[in-house]
Amino acid sequence: MTELPTDGPPRDPASKVNLRDAFASFDELWQPHAAADVDGYQLKIAKVDGEFVWHAHEDADELFLVHAGHLTLRLRDSDPIELDPGELFVVPRGVEHQPVGRDGCEIVMFERAEVVNTGTAGGDRTVAVKPLD
Ligand code: NI
């Protein structure tokens, strides 16, 4: 698995996180921010719009939970998953997927901290997770 350096949240880990405030703290699209660290897993949040790249994570499951807007998860060889706020789906390891956001989509992802956003596809959409301000 390709690994990128991942900065965890700089805050006191005992302090609470307000997701609405966290989403309001940045404007970049497709830039994951770390909202919490959990035993090597990370809660990552991102604002997304339009199509991301098709990619897969060979040895990592990836949970998507929609906080706002609408997310379509296109899956190779199966029907797309349509997610509204409060709905989640786990993309199984190895399954090629393409997230597509609309309507001011805000997503929460839960996965191992070192999972790279573009998986095995790589390319210029690959970014490291940023800490929240
Ligand atoms: Ni993915």
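Visitor: In this predicted model, where is the place of F110, and is F110 buried, exposed or partly exposed?
Guide: The place of F110 is in strand β6. A residue is buried only if 20 or more other C-beta atoms lie within 10 Å of its own, and exposed if 12 or fewer do. Because F110 has 18 C-beta neighbours inside 10 Å, F110 counts as partly exposed.

Visitor: Which residues is F110 in contact with, leaving aside its neighbours within four places in sequence, and how many residues separate F110 from K44 along the sequence?
Guide: With those sequence neighbours set aside, the contacts of F110 are Y41, L43 and L63. The C-alpha atoms of F110 and K44 lie 6.3 Å apart in space, although in sequence their separation is 66 residues.

Visitor: Which residues is G104 in contact with beyond four places in sequence, and what separates the C-alpha atoms of G104 and A68?
Guide: Leaving aside the neighbours within four places, G104 is in contact with A68 and G69. A68 lies 36 residues from G104 along the chain, and the separation of their C-alpha atoms is 6.7 Å.

Visitor: Is L71 buried or exposed, and why?
Guide: L71 has its place in strand β3. Being buried takes 20 or more other C-beta atoms within 10 Å. L71 has 26 C-beta neighbours inside 10 Å, so L71 counts as buried.

Visitor: Which residues does L71 touch, not counting residues up to four places away in sequence, and what separates the C-alpha atoms of L71 and V100?
Guide: Once those residues are left out, L71 touches F64, V66, L83, P99, G101, C105 and I107. V100 is 29 residues from L71 along the chain, and the C-alpha atoms of the two are separated by 5.7 Å.

Visitor: Which residues of the largest nonpolar core touch the most other members, and which element gives the largest share of this core?
Guide: This core has 18 residues, and those that touch the most other members are I45, F64, L71 and I107. The elements giving two or more residues to this core are α1 (19–24), β1 (33–38), β2 (41–51), β3 (62–75) and β6 (97–112). The largest share, four residues, comes from β2.

Visitor: How many bridges join β1 to β2, and which residue in the turn of their hairpin has a positive phi?
Guide: β1 and β2 run antiparallel and are joined by five bridges. H33 stands opposite I45 in β2. The hairpin of these strands has two residues between them, and the turn residue with a positive phi, of about 50°, is D39.

Visitor: In which sense, parallel or antiparallel, do β1 and β7 pair, and which residue in β7 stands opposite H33?
Guide: Strand β7 (residues 130–131) pairs with β1 over two bridges, and the sense of the pairing is parallel. The residue in β7 that H33 stands opposite is K130.

Visitor: Which pattern does the protein follow along the sequence, and what percentage of its residues count as buried?
Guide: The secondary structure comes to one helix and seven strands, and read along the sequence the pattern is α-β-β-β-β-β-β-β. Of the contacts with a separation of 6 or more, 73% are between residues 24 or more positions apart. The protein has 133 residues, and the share that counts as buried is 27%.

Key: Residues are numbered from 1 along each chain as its sequence is written. This is a predicted model: local features need pLDDT of at least 70, side-chain atom pairs count only at pLDDT 80 or more; totals for chains, interfaces and linings use all residues. A nonpolar core is a set of buried Ala, Val, Leu, Ile, Met, Phe, Trp, Tyr and Cys residues joined through C-beta atoms within 7 Å. Two strands pair if DSSP finds at least two bridges between them. Two residues are in contact if their C-beta atoms, placed from the backbone, lie within 7 Å.
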